[in-house]
Every structure is written in structure tokens, then in C-alpha cells.
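Visitor: I would like to learn how to read aromatic pairs, pockets and backbone angles in a model. Could you take me through them one by one?

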Amino acid sequence: MTKLYIMCGPAFAGKSTLARKIAERIGSKLVAFDTMWVEEDKKNSVPRDAEGWRYIRDKAQEEVLRFLKEGISVVYDDNNPKRDHREELKRVAEKAGTEAFVVYLNTSLDVIREREKANRISQDRHDVEPENFEKVLSDMEAPTPDENVLVFKPDTDSETFLKSL
């Protein structure tokens, strides 16, 4: 059955890494907000504000809906810190007649800060502007069981987790 997996957690929680693993394991499409933002930014076609964020989010939801309607499962990789954000995506899944799951990366702030610090040195991934990072942290509403949530912690065995999907 076609499914939508909605990633949830702050920067450096491990969302993108797990999202790629999920997409590979289940043979789904990966729709990543950051990738779409970078592509649009190269064209200088998106403002760097709430309007730009909404534009990318709408564009991502259109892509998610298209894949789901084609019968292809999707992993949507973004912070999705607020319940409202996740509910929006669940409505997209409903339009396609599919089930949605929230994959919550319950990573401690200490681990996140360590990863952020290490990334400043390694530059393995793009950095997150401090004000954006703090905004997501302050907006973060941990998903509740009624959101069809799957919790992943740093000490979770990823193979076991992936098999459970």
C-alpha cells in the first residue's frame, strides 16, 4: 500500500539520513524541502522569508500528492516542527487515499548541538542559520500518538526500525 512518511525533528537530528534509508528500503520517492529550496535559490526565484518557505512547501506538497496519486510511496524530509505542518501533509495523503506516518527523530539537544558543532568543521552538509535553527527548536511540538507516530532515537537500531515499516 502507498504511504507517506513525514519526517519530523530539528536540524542535525538525523532526519535526512534516516529519510534516505527509508526511501531506499521501501523503494519510495524522497521529497526533500532543503533540496527544493537550494534548486529554487540557484534560480533566484524564491524570497528568503516566510513567503519563500510557503512557496517551497506548497511546491513540495504538489509533488508529494502527484507521486502518491501515481501509487508511489513518499518520504517527505523537512523539520515539520508544528502539528499544523504535519496535519497539512496528512491532508495531502488523504487526498490521495493513502495513509500517513510521522517519523519523529527524538534526538537530545546535546546530541544535536554536538552534530552541529562537528558540521561546522567537516562541512559535510549545509549549515543552518542560527536564527532558523532556534526558530525550529522553539516551534517544535513533539508528535503525539494520535498522529500515527513512529519514534526513532539515536540509540535505535536502524535495521530493526526499517524492517518495522
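Guide: What follows is a short walk through some features of this structure, and please keep in mind that the model is predicted.

Visitor: How is a pair of aromatic rings described, and how many aromatic pairs are there here?

Guide: A pair of aromatic rings is described by the distance of the centres and the angle of the planes. In this model the count comes to three aromatic pairs. One of them joins Phe33 and Trp37, whose ring centres are 5.9 Å apart and whose planes meet at 25 degrees, so the pair is stacked.

Visitor: Where do Phe33 and Trp37 lie in the fold, and is Phe33 buried or exposed?

Guide: Both residues belong to helix α2 (residues 33–42), where they are four residues apart, about one turn of the helix. Phe33 has a relative accessible area of 7%, and because buried means under 20%, it counts as buried. Trp37, with a relative accessible area of 16%, is buried too.

Visitor: What arrangement do the rings of Phe152 and Phe161 show?

Guide: Phe152 and Phe161 form an edge-to-face pair, with 5.1 Å from centre to centre and 75 degrees between the planes, and both residues are buried.

Visitor: Which ring has the charged end of Arg66 over it?

Guide: The charged end of Arg66 sits over the ring of Phe67, at 4.5 Å from the centre of that ring.

Visitor: Let us turn to the second largest pocket; which residues line it?

Guide: That pocket holds about 150 Å³ of space, and its lining includes Ala13, Gly14, Lys21, Arg115 and Phe152. Helix α1 gives the most to this lining, with three residues. Sorted by class, the lining has five nonpolar, four polar and three charged residues.

Visitor: Where is Ser16 placed, and how far is Ser16 from Phe33?

Guide: Ser16 is part of helix α1 (residues 15–26), and at 30% relative accessibility it counts as partly exposed. Ser16 and Phe33 are 17 residues apart in sequence, while their C-alpha atoms are 10 Å apart in space.

Visitor: Finally, what is the phi of Asn80, and what is the phi of Asn148?

Guide: Phi of Asn80 is near 45 degrees, a positive value in a residue other than glycine; Asn80 lies in the loop between β3 (74–77) and α4 (83–95) and is buried, with a relative accessible area of 1%. For Asn148, also a residue other than glycine, phi has a positive value near 60 degrees. Asn148 is found in the loop between α6 (130–139) and β5 (149–152), and its relative accessible area of 29% makes it partly exposed.

Technical notes. Residues are numbered from 1 along each chain as its sequence is written. This is a predicted model: local features need pLDDT of at least 70, side-chain atom pairs count only at pLDDT 80 or more; totals for chains, interfaces and linings use all residues. Side-chain values use heavy atoms; hydrogens and water are left out. Helices (H or I, at least four residues) and strands (E, at least two) are DSSP runs, numbered from the N terminus. Buried means under 20% relative accessible area, exposed over 50%, partly exposed in between (1.4 Å probe, protein chains only). Rings of Phe, Tyr and Trp (its six-membered ring) pair if their centres lie within 6.5 Å; planes under 30 degrees apart count as stacked, over 60 as edge-to-face and the rest as tilted. A charge sits over a ring if NZ of Lys or CZ of Arg is within 6 Å of the ring centre and within 35 degrees of the ring normal. On a 1 Å grid over the protein atoms alone, a cavity is a set of points where a 1.4 Å probe fits but cannot get out, and a pocket is an open set with protein on both sides within 12 Å along at least five of seven lines; lining residues have an atom within 4 Å of a point. Grid points are joined across faces, edges and corners, and a volume is the space filled by probe spheres set on the points. Ala, Val, Leu, Ile, Met, Phe, Trp, Tyr, Cys and Pro count as nonpolar, Asp, Glu, Lys and Arg as charged, and the others, Gly among them, as polar.
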